[in-house]
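Trainee: Could we go through this model together, starting with the aromatic rings and then moving on to the sheets and a few single residues?

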Amino acid sequence: MKIAIIGLGYVGLVTAAVLASQGNQVIGIDIDKKKIESLLNGNIPIFEPGLEEKIKCSASNLEFTDNFDHIRDATLAYICVPTPNFNGKMDLKYVLSASEEIRKRSKEITIVIKSTVLPGTAKKVSEVTGLTVISNPEFTREGSAISDTEKPDRVVIGGFSTKLVQQLWSFTKAPMIVTSNENAELIKYASNSFLAVKISFINQIADLCETIPNTDVNEVAIGMGLDKRIGKDFLKAGLGYGGSCFPKDTVAISSYAQERGVELTIVKSAINYNDQRIRDLARKVNDLSDSVNGKSVCVLGLSFKDNTDDIRESRSLLLMKELEMYGAKVIAYDPIVNNLKSVKICKNMDECIKKSEIVITSTEWSEFSQINKDILKGKMVFDLRRVLEPKDFKIVMGVGNGKN
Ligand code: UDX
């Protein structure tokens, strides 16, 4: 199939690479000339495990351009542009401008919206373009985006005339939910909100564990997760959820619901708790270290989670700001992120630790679980992602560990 992918961020690039690797003719289009230039020179603008290899292997089926005229050659035009929040509400400007570019070039093409959009958006795009619009939300996590796209738990397809899109994803062998556009759009928000609630829930249980001797949130999570009705995933306590999706989507669906007279109190509570969590953790670090004022603090991990270079809504960056407000002198190390103006970043993890009195793990990079025990000797360690083996280190606080 000939497919145009509009918007080459994490979602668009991964979708383009996977569809090209399945033998489709894919043209990736982006308004960012620099990004296209870099892709044409073989440089992948983001870090996503396996993406570079996938793009290289599929090069004969994959083109990149900033020229929207190439849309004319395609049967399906995938919209993968961002849907940021503006004043707490979803801003559709990029989706609408991509739709307009498509409308100008073809009267027969089918638009497929992969961007996360509120219910009613596909209908709106269909009305303004006069084209068939299918909803096909993504459920891929950064860091494992290739395998999540190739082997998803389910494929959700909304709208009429969905046959081509069903055919396109049939290689995944995943269950397909073929439904209305509005259901497909809502499935995405309901799923992300539910996962955000799950994370806030386990973080509150972690708070409780810290007050009860001989409890450990990790063990409680295992015990809960083996119940099939609950499931083991997304029960990892830590700094709360960050990234480009959960914080934005939970806020967008809450205000959308509110406009319709429905209070999503559970989602709102998860949002409020997630916001509060960083302040609570900074206060705990300050109290348990007998004040961080004037002390050097090393924060390990800057991206919003492991295996990505994405710092959008990074919990580490928020924590660092809070600690600085308590007077801490913060430095950081990350295996990939090494060029932020606002943060003093060390190139080497051991050096970063050696220079500090307090060490905080804030992202679950596997490299951190290999830290040399001797280097941590004499340091006050706060394992806020539970990456360290408690019996190997003297840990002042491990999130959700009620050992004391
Ligand atoms: C998310 C959704 O998982 C994906 O389906 C959607 O399409 C896009 O948004 P992503 O933002 O890439 O994916 O990351 P995810 O793995 O979901 O993690 C989100 C945040 O929650 C991260 O900050 C992560 O550290 C945190 N998290 C996740 C936890 O704190 N505990 C967990 O158990 C899981």
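Mentor: A search of the whole structure finds four aromatic pairs, where rings of Phe, Tyr and Trp (its six-membered ring) pair if their centres lie within 6.5 Å, and planes under 30 degrees apart count as stacked, over 60 as edge-to-face and the rest as tilted. One of these is the pair of Tyr-333 and Phe-368, which is edge-to-face, with 6.4 Å centre to centre and 65° between the planes.

Trainee: Before we go on, what kind of model is this?

Mentor: This is a predicted model, in which local features need pLDDT of at least 70 and side-chain atom pairs count only at pLDDT 80 or more, while totals for chains, interfaces and linings use all residues. Residues are numbered from 1 along each chain as its sequence is written, and side-chain values use heavy atoms, with hydrogens and water left out.

Trainee: Which residues do ring pairs link into a cluster?

Mentor: Phe-234, Tyr-241 and Phe-246 are linked into a cluster by ring pairs.

Trainee: What lies over the face of Phe-139?

Mentor: Arg-154 does, at 3.7 Å from the ring centre, and Lys-188 also lies over the face of Phe-139, at 5.8 Å from the ring centre. A charge sits over a ring if NZ of Lys or CZ of Arg is within 6 Å of the ring centre and within 35 degrees of the ring normal.

Trainee: Switching to the sheets, what is the strand order in the open sheet of five strands?

Mentor: The order is β12-β11-β13-β14-β15, with parallel pairing, and two strands pair if DSSP finds at least two bridges between them. β12 and β15 (395–398) stand at the edges, each with a single partner strand, so one side of each is left without a neighbour in the sheet. The twist averages 20° from one strand to the next, with axes taken as lines fitted to C-alpha atoms, for helices over the stretch in contact, and angles running from 0 to 180 degrees between N-to-C directions.

Trainee: How many bridges join β11 to β12?

Mentor: Five bridges join strand β11 (residues 296–300) to β12, and the two run parallel; within this pairing, Val-299 has Ala-332 in β12 as its bridge partner.

Trainee: Which helix packs on the sheet, touching β13, β14 and β15?

Mentor: That is helix α11 (residues 265–288), whose direction makes about 160° with that of β15. Helix α12 (residues 315–325) lies across β11, β12 and β13, running at about 160° to β12.

Trainee: New topic: which way do the residues of β7 point?

Mentor: Thr-110 and Val-112 point one way from strand β7 (residues 110–113), Ile-111 and Ile-113 point the other way, and all are buried. Four bridges join strand β4 (residues 76–79) to β7 in parallel, with Ile-111 in β7 as the bridge partner of Ala-77. Three bridges join β7 to strand β8 (residues 133–135), also running parallel, and there Val-112 has Ile-134 as its bridge partner.

Trainee: What is Lys-54 in contact with?

Mentor: Leaving aside its neighbours within four places in sequence, Lys-54 is in contact with Ala-17, Val-18, Ser-21, Ile-146 and Glu-150, where contact means heavy atoms within 4.5 Å. Lys-54 is found in helix α3 (residues 51–57) and is buried, with a relative accessible area of 19%. The side chain of Lys-54 makes a polar contact with the side chain of Glu-150 at 2.6 Å; a polar contact is a pair of N or O atoms within 3.5 Å, and within protein one must be able to donate a hydrogen and the other to accept it, while residues adjacent in sequence count only if both atoms are side-chain atoms.

How values were computed
Buried < 20%, exposed > 50% of the residue type's maximum accessible area, 1.4 Å probe, protein only.
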